[in-house]
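Look over the structure first, then read on.

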Amino acid sequence: MSVHNETKRITTHTLQSMKQNGEKITMLTAYDYSMATIIDDAGIDVILVGDSASNVMAGHETTLPITLDQMIYHAQSVIRACKRCLVIVDLPFGSYQGNSKEALNSAIRIMKEAGAHGIKLEGGEEVIDSVKRIISAGVPVMGHLGLTPQSIYKFGTYTVRAKEEAEAEMLISNAIKLEEAGCFSLVLEKIPAALGAKVAAAIKIPVIGIGAGGGVDGQVLVMHDMLGITKNFSPRFLRRYLNLYDEIKAATEQYIKDVKTKDFPNEKEQY
Ligand code: KIV
């Protein structure tokens, strides 16, 4: 029996064609069914179930505490919502750094238990064996270089990365290694725009930037930041499209007032 689906699904191959045709790729994070439904319906190309869930969903200071089980829970909710976009899920800290077998097992759990379309992991040369092993099992892998939040305690700050020549050269070399290992795409976070453009020109796979300038093949933002749900995070690269924090707060204040003053529910709002 064949299964027909009306909506044409975005695949890793679609992203590759978009790069070749010069069409920019759009990616946003999402962590739950309701928001993923809206973002997919709006026509986003890729949803990343990012380990930024650790920050914006769970309130942790860093991405380190979130577990593989928690990532799978978020990914399952997002996958249920998405009809068109490609859904990529972050391998969380501690689920792949041990060895390539551990990395493969974690990737397989995400594919099997959540129904994801691929995984993302942070790092260059040090994760190449894991990247190869995961891809050899048929799982698409997105790389992540530049600012890699899972290594925050190694670097000590969230400032712009690879400003110095040596670090920039290392980043380019790692990008080429990730491409050669078989990654279908690469995220570059918080690096100089000129370097972002240089990497995008040096490799054939799509490069998606967050704070990596306009010369890359696509852009990604954390949904809570671009919708203005988070308030005290204003890096230069962030464009806020709404101020939902203020709007949700005002709506909640109005609801409290309406209940306290017995305005809600009115005659028409009860049985
Ligand atoms: O976890 C995340 O949200 C990410 C993006 C910042 C790319 O990795």
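## A buried aspartate in a loop

Aspartate 45 is buried, because its relative accessible area is 6%. Buried means under 20% relative accessible area, exposed means over 50%, and partly exposed lies in between, with a 1.4 Å probe and protein chains only. Aspartate 45 sits in the loop between α2 (33-42) and β2 (46-49). Helices (H or I, at least four residues) and strands (E, at least two) are DSSP runs, numbered from the N terminus.

What does the side chain of aspartate 45 meet? One of its polar atoms lies 3.0 Å from the backbone nitrogen of threonine 26. Leaving aside neighbours within four places in sequence, aspartate 45 is in contact with Ile10, Met18, Lys24, Ile25, Thr26, Arg84, Cys85 and Leu86. Contact means heavy atoms within 4.5 Å.

## About the model

This is a predicted model: local features need pLDDT of at least 70, side-chain atom pairs count only at pLDDT 80 or more, and totals for chains, interfaces and linings use all residues. Residues are numbered from 1 along each chain as its sequence is written, and side-chain values use heavy atoms, with hydrogens and water left out.

## The chain as a whole

The chain has 11 helices and eight strands. For 271 residues, a compact globule would have a radius of gyration near 18 Å; the chain has 20 Å, which agrees. This radius is taken over C-alpha atoms, and the globule rule is 2.2 Å times the number of residues to the power 0.38. The C-alpha trace spans about 65 × 55 × 40 Å along its principal axes.

Of the 271 residues, 48% count as buried. Take the contacts between residues at least 6 apart in sequence: 58% of them join residues at least 24 apart. The chain exposes about 14,500 Å², and carbon and sulfur atoms supply 54% of that. Accessible areas come from the Shrake-Rupley method with a 1.4 Å probe; for residues, only the protein chains shown count as cover.

## Around the ligand

Which residues surround the ligand? They are Thr29, Leu48, Gly50, Asp51, Ser52, Asp90, Lys120, His144, Val187, Glu189, Ile210 and Val222.

For aspartate 51 the distance is 3.0 Å. For aspartate 90 it is 3.1 Å. For lysine 120 it is 2.9 Å. Taken alone, the ligand exposes 260 Å², and the protein buries 95% of that. A polar contact is a pair of N or O atoms within 3.5 Å; within protein, one must be able to donate a hydrogen and the other to accept it, and residues adjacent in sequence count only if both atoms are side-chain atoms.

Aspartate 40 lies in helix α2. At 6% relative accessibility, it counts as buried. Leaving aside neighbours within four places in sequence, aspartate 40 touches Ile47, Ala81, Cys82, Lys83, Arg84 and Cys85.

Threonine 63 is in the loop between α3 (53-56) and α4 (68-81). Is threonine 63 buried or exposed? Its relative accessibility is 4%, so threonine 63 counts as buried. Beyond neighbours within four places in sequence, its contacts are Asp51, Ser52, Ser54, Asn55, Pro149 and Gln150.

## Exposed lysines

Lysine 204 is in the loop between α9 (193-202) and β7 (207-210). Lysine 204 counts as exposed because its relative accessibility is 66%. Apart from neighbours within four places in sequence, lysine 204 contacts Gln16, Lys19 and Glu179.

Lysine 262 is found in the segment after α11. It is exposed, with a relative accessible area of 71%. Its phi is positive, about 65°, although it is not a glycine.

## Backbone details

Lysine 190 lies in the loop between β6 (185-189) and α9. Its phi is near 50°, a positive value in a residue other than glycine.

Where is the cis peptide bond? It joins phenylalanine 264 and proline 265, with omega about 0°. Proline 265 is in the segment after α11 (244-260).

Conventions. A residue is near a molecule or strand if one of its heavy atoms lies within 4 Å of it.
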